[in-house]
Amino acid sequence: MSEDWLFPLPESLPGWMREGAFTGYLAAPGFLAELLAELDFEGPAGAGHLVFGDMVFARKALPAVWAQNIWRNARLLPAPSIGQGAKALREIQRNWWAHPVRLARRAALITDKLPKVSAKAQVFGEAAPSAPLGSFTLWDETTLIAASDCASPYPDGQVRFVEDRFSAPSRAYLKLWEALTLLGVFPKPGELCLDLGSCPGGWTWVLASCGARVFSIDKAPIEPKIAAMPEVDFCQGSGFGLEPKTAGGPEARVDWLCSDMACYPARLLELVTRWLEADACRNFICTLKCQGETDHATIQAFAAIPGSRVLHLSHNKHELTWALIR
Ligand SMILES: C[S@@+](CC[C@H](N)C(=O)[O-])C[C@H]1O[C@@H](n2cnc3c(N)ncnc32)[C@H](O)[C@@H]1O
């Protein structure tokens, strides 16, 4: 054990944080209340969890869709000086990202003493970064909370893209770019995609740009330049009117069902269930729009679909993304 550990850990922190590793949940920006409701910890704050700015630290490791990043092995590190704090982090691994809740200046001084971390914008089509990126924050002047193992390889779980502001008809395309990048899978040329709720055409543009064939549906018309893409077949109507068995022809299983429809999650769950029961589609990427009160029960029902994931993307607002990739 390093002699740094002789430096006293602050009494202001609960015993379970001083005793060993714990989990840190960084709330998606603006969604701390959703995160706390989802985690649903029993007992008063401090007993088994602690809220620190936009973070929640807890004894328990739980799935948390409203977390933008999860610090899986958070622990306290004594940092009697800026140099000693940086040294303690460097001894664990190379790459660290500061998430200051307070003492931002001191956190920046520690960062200055660490190897530079490139926070380059992601190019769509390239793989997500593979190098581990740890996160740290300062509890007080001399105590770091740090985790080398974080769920996201992006700083604070935020994915920034080199954008295409000219071809895409709306910024919604960034959600699909992010989902495909995080899932590490892209539609292939010739695959058949359904894009439900496609207007003005951002997702259809992404799918068609990958070379896939896109059957695109919305109650409103999409932009003419997107409808004119050779891969795109646009139909004005309701995404709920499509029958799973007949879509794509009697023999064909659809490769991708993408939905960004403005609708209640419970209604979308019924649609997805029909498509799954009919075994009519392989991959799904759907936005769960939390209109009004967050429907935690339906979100859990989506998360319980075997093999699937629910994510809060950096480009999601009060909505989540459900994906099933097979
Ligand atoms: C957020 S916008 C979609 C943006 C689109 N993904 C893009 O990249 O440009 C939501 C769309 O859902 C459509 N919508 C709502 N209910 C629908 C339904 N029952 N069937 C088809 N489209 C629907 C709306 O007309 C609206 O265009």
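For these notes, two residues are in contact when they have heavy atoms within 4.5 Å of each other. I'm working from a predicted model throughout.

**Entry 1: helices 5 and 6**

I started with helix 5, residues 173-183, and helix 6, residues 202-209. On the helix 5 side I listed Tyr173, Lys175, Leu176, Trp177 and Leu180; they meet Gly202, Trp203, Trp205, Val206 and Leu207 of helix 6. Sorted by class, that contact comes out as eight nonpolar residues, one polar and one charged. Next I looked up the geometry: the axes sit 7 Å apart, and the packing angle is about 45 degrees. Anything under 35 degrees would count as roughly parallel, and roughly perpendicular begins at 65, so I put helix 5 and helix 6 down as oblique to each other.

**Entry 2: helices 8 and 9**

Then I moved to helix 8 (residues 265-277) and helix 9 (residues 296-303), which pack at about 25 degrees with 9 Å between their axes. That angle makes helix 8 roughly parallel to helix 9. I also checked the handedness, and helix 8 passes helix 9 in a left-handed crossing. Who touches whom? Helix 8 brings Pro265, Ala266, Leu268, Leu269 and Val272, and helix 9 answers with Thr298, Ala301 and Phe302. I get seven nonpolar residues and one polar in this contact, with no charged ones.

**Entry 3: cysteines**

How many disulfides does the structure hold? I found zero. Cys210 is in no disulfide either; its nearest cysteine sulfur is in Cys193, 7.9 Å away.

Are these two cysteines buried or exposed? I have Cys199 as partly exposed, at 33% relative accessible area. Cys210 counts as buried, since its relative accessibility is 16% and the cut-off is under 20%.

**Entry 4: Ala86**

Last stop was Ala86, which I located in helix 3, residues 82-92. Ala86 is buried, and its relative accessible area reads 0%. I skipped its neighbours within four places in sequence and asked what else Ala86 touches; the list is Ile110, Lys113 and Leu114. I also took one distance, C-alpha to C-alpha, from Ala86 to Trp139: they are 15 Å apart in space and 53 residues apart in sequence.

Conventions
Residues are numbered from 1 along each chain as its sequence is written. This is a predicted model: local features need pLDDT of at least 70, side-chain atom pairs count only at pLDDT 80 or more; totals for chains, interfaces and linings use all residues. Side-chain values use heavy atoms; hydrogens and water are left out. Axes are lines fitted to C-alpha atoms, for helices over the stretch in contact, and angles run from 0 to 180 degrees between N-to-C directions. Helices (H or I, at least four residues) and strands (E, at least two) are DSSP runs, numbered from the N terminus. Angles under 35 degrees count as roughly parallel, over 145 as roughly antiparallel, 65 to 115 as roughly perpendicular and the rest as oblique. A crossing is left-handed if the near helix is turned anticlockwise from the far one by less than a right angle, and right-handed if clockwise. Ala, Val, Leu, Ile, Met, Phe, Trp, Tyr, Cys and Pro count as nonpolar, Asp, Glu, Lys and Arg as charged, and the others, Gly among them, as polar. A disulfide is a pair of cysteine sulfur atoms within 2.5 Å. Buried means under 20% relative accessible area, exposed over 50%, partly exposed in between (1.4 Å probe, protein chains only).
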